[in-house]
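Welcome, and please load the model in your viewer. We will go from one selection to the next, with a short note on what to look for at each stop.

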Amino acid sequence: LAHSSPTQLEDWRACQRKWGYRRRRHLFPVPDNVWAAFGQRAHVIRENWLRHATWTEEIAASKEGQCVAAGIEFWPRPGEALGVEIEIDKLDLLGDGVPWTFKIDDIARPTHAYDLGDLKTIGRIQYRKTEAELEAEED
């Protein structure tokens, strides 16, 4: 790998073909996915909320807006994030010589610790993870 990221490793472990489709599009062209487009729109809505408190009736009525609104109580208030869409480019994060690149959706410091935000969207609700499954991943 020329560089890596947490998402790339997750894709590789889940399915090497999925990794190839996402990371080597010139070798494995795939049509755009409606769910990926949904996630991109939701990220833009969230970013505009955190940066500028942009929220309209049109956004609230959209499925993407409803997805974003579902977690809004857990995020920093608009203007309070220390950074939004922060790109990290670390030459040797794990000491193995592999450069890492990734984005942090937001970073805030509500207490003495930092909170890192990473918005995840899901297009098919039947595939969502339960709170117990998410907690088990943290262990």
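Start by selecting Arg46 and Asp106, whose side chains meet in a salt bridge with N to O at 2.4 Å. Here a salt bridge is a side-chain nitrogen of Lys or Arg within 4 Å of a carboxyl oxygen of Asp or Glu. This pair links distant parts of the chain, with Arg46 in helix H3 and Asp106 in strand S2 (residues 100-108), 60 residues apart. Helices (H or I, at least four residues) and strands (E, at least two) are DSSP runs, numbered from the N terminus.

Before moving on, a word on what you are viewing: this is a predicted model, in which local features need pLDDT of at least 70 and side-chain atom pairs count only at pLDDT 80 or more, while totals for chains, interfaces and linings use all residues. Residues are numbered from 1 along each chain as its sequence is written, and side-chain values use heavy atoms, with hydrogens and water left out.

Now colour by accessibility. Are Arg46 and Asp106 buried or exposed? Arg46 is buried at a relative accessible area of 4%, and Asp106 is buried too, at 3%. The cut-offs are under 20% relative accessible area for buried, over 50% for exposed and partly exposed in between (1.4 Å probe, protein chains only).

The structure holds three salt bridges, so let us visit the others. Select Arg41 and Glu64, where N and O are 2.5 Å apart. Arg41 lies in helix H3 and Glu64 in helix H5 (residues 63-69), so the pair ties together parts that are 23 residues apart in sequence. Arg41 is partly exposed at 42%, whereas Glu64 is buried at 11%.

Next, pick Glu47 and Arg51, whose closest N and O atoms are 3.0 Å apart in a salt bridge. Both sit in helix H3, four residues apart, so about one helical turn separates them. Glu47 is partly exposed at 23%, and Arg51 is partly exposed at 40%.

Then select the largest nonpolar core, which has nine residues: Ala42, Ile45, Trp49, Leu50, Ile59, Val68, Trp75, Ala81 and Val84. Helix H3 (residues 34-52) gives the largest share, four residues. Such a core is a set of buried Ala, Val, Leu, Ile, Met, Phe, Trp, Tyr and Cys residues joined through side-chain atoms within 4.5 Å.

Stay with Val84 and show its contacts (heavy atoms within 4.5 Å). Leaving out residues up to four places away in sequence, Val84 touches Glu47, Leu50, Arg51, Ile104, Asp105 and Asp106.
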